[in-house]
Amino acid sequence: MNKLKDFHHYKGNSLTPSEKVERKVIELLLSSNLPDTQRESSIIWELKHSSGCCQIARILAQKRNLNIAICEVASLIHDIYSILEGKYQNHAKLGAPITQKILKEIGGFQRKR
C-alpha cells in the first residue's frame, strides 16, 4: 500500500507533485479576480469542495490500494475550469487543456498508455 508522507504544511521545496497540484489549485482560487457574483459556486465552496474531494480520494485510494498521488491529483483537478472561469457547463472537456498545462508546469507526471 502507498504511504502518505509526514505533514509539512505545504511549504518548502520537498513537496510531491500531487501536493504541488493541491497548492496550485488553492493559489488559483485565492488569487482569482472573478468575484463570487460572477461564479456559479462561491470561492469558499470551491475551496471546501477541492479539499474534501482530495481527502476522500486519499482515503479511498488507501482503502482500495490505489496510487494515492494519482487519486489526489484527479480529485483536485476535476473542476479546474470551474475554478478558473466560474462555470460548470462543459467544464470537464474545457478543463482538460488547463489540466495538461498545470501538470506539465509542475512536472513529475508521466503520460502512460
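My entries follow, from the whole chain down to single residues.

**Ground rules**

I noted that this is a predicted model, where local features need pLDDT of at least 70, side-chain atom pairs count only at pLDDT 80 or more, and totals for chains, interfaces and linings use all residues. Residues are numbered from 1 along each chain as its sequence is written, and side-chain values use heavy atoms, with hydrogens and water left out.

**Entry 1: the whole chain**

I looked up the elements first. The protein chain has 5 helices and 0 strands. Read from the N terminus, the order is α-α-α-α-α. Helices (H or I, at least four residues) and strands (E, at least two) are DSSP runs, numbered from the N terminus.

Next I looked at extent. The C-alpha atoms fill a box of roughly 45 × 35 × 25 Å along the principal axes.

I then checked burial. Buried residues make up 33% of the 113 residues. Buried means under 20% relative accessible area, exposed over 50%, and partly exposed in between (1.4 Å probe, protein chains only).

Contacts came last here. Among contacts between residues at least 6 apart in sequence, 56% join residues at least 24 apart. Contact means heavy atoms within 4.5 Å.

**Entry 2**

Two packed helices are described by the angle between their axes and the distance between the axes. Axes are lines fitted to C-alpha atoms, for helices over the stretch in contact, and angles run from 0 to 180 degrees between N-to-C directions. I also kept the angle classes at hand: under 35 degrees is roughly parallel, over 145 roughly antiparallel, 65 to 115 roughly perpendicular, and the rest oblique.

I started with H3. The axes of H1 (residues 17–30) and H3 (residues 68–77) come within 9 Å and cross at roughly 15°. H1 is therefore roughly parallel to H3. Their crossing is left-handed. A crossing is left-handed if the near helix is turned anticlockwise from the far one by less than a right angle, and right-handed if clockwise. Ser18, Val21, Glu22 and Val25 in H1 meet Ala69, Glu72, Val73, Leu76 and Ile77 in H3. By class, this contact has 6 nonpolar, 1 polar and 2 charged residues. Ala, Val, Leu, Ile, Met, Phe, Trp, Tyr, Cys and Pro count as nonpolar, Asp, Glu, Lys and Arg as charged, and the others, Gly among them, as polar.

H2 was next. H1 and H2 (residues 43–64) pack at about 170°, with axes 10 Å apart. The pair is therefore roughly antiparallel. On the H1 side I listed Glu22, Val25, Ile26, Leu29 and Leu30; they meet Ile43, Glu46, Leu47, Ser50, Cys54 and Arg58 in H2. The contact divides into 7 nonpolar, 1 polar and 3 charged residues.

Then I turned to H5. H1 and H5 pack at about 125°, with axes 10 Å apart. That makes H1 oblique to H5. H1 passes H5 in a right-handed crossing. Pro17, Lys20, Val21, Lys24 and Leu28 in H1 meet Ile102, Leu103, Glu105 and Ile106 in H5. I counted 6 nonpolar, no polar and 3 charged residues in the contact of H1 with H5.

**Entry 2: is Ser82 buried or exposed?**

Ser82 lies in H4 (residues 80–85). It counts as buried, at 0% relative accessibility. Leaving aside neighbours within four places in sequence, Ser82 is in contact with Arg39, Glu46, Lys87, Tyr88 and His91. Ser82 and Leu94 are 12 residues apart in sequence and 9.2 Å apart in space, C-alpha to C-alpha.

**Entry 3: Ala92 and Gly107**

Ala92 is in H5 (residues 91–106). At 57% relative accessibility, Ala92 counts as exposed. Gly107 is in the segment after H5. Gly107 is partly exposed, at 21% relative accessible area.

Asn65 has a phi near 60°, positive in a residue other than glycine. Asn65 sits in the loop between H2 and H3. Asn90 has a positive phi of about 60° and is not a glycine either. I found Asn90 in the loop between H4 and H5.
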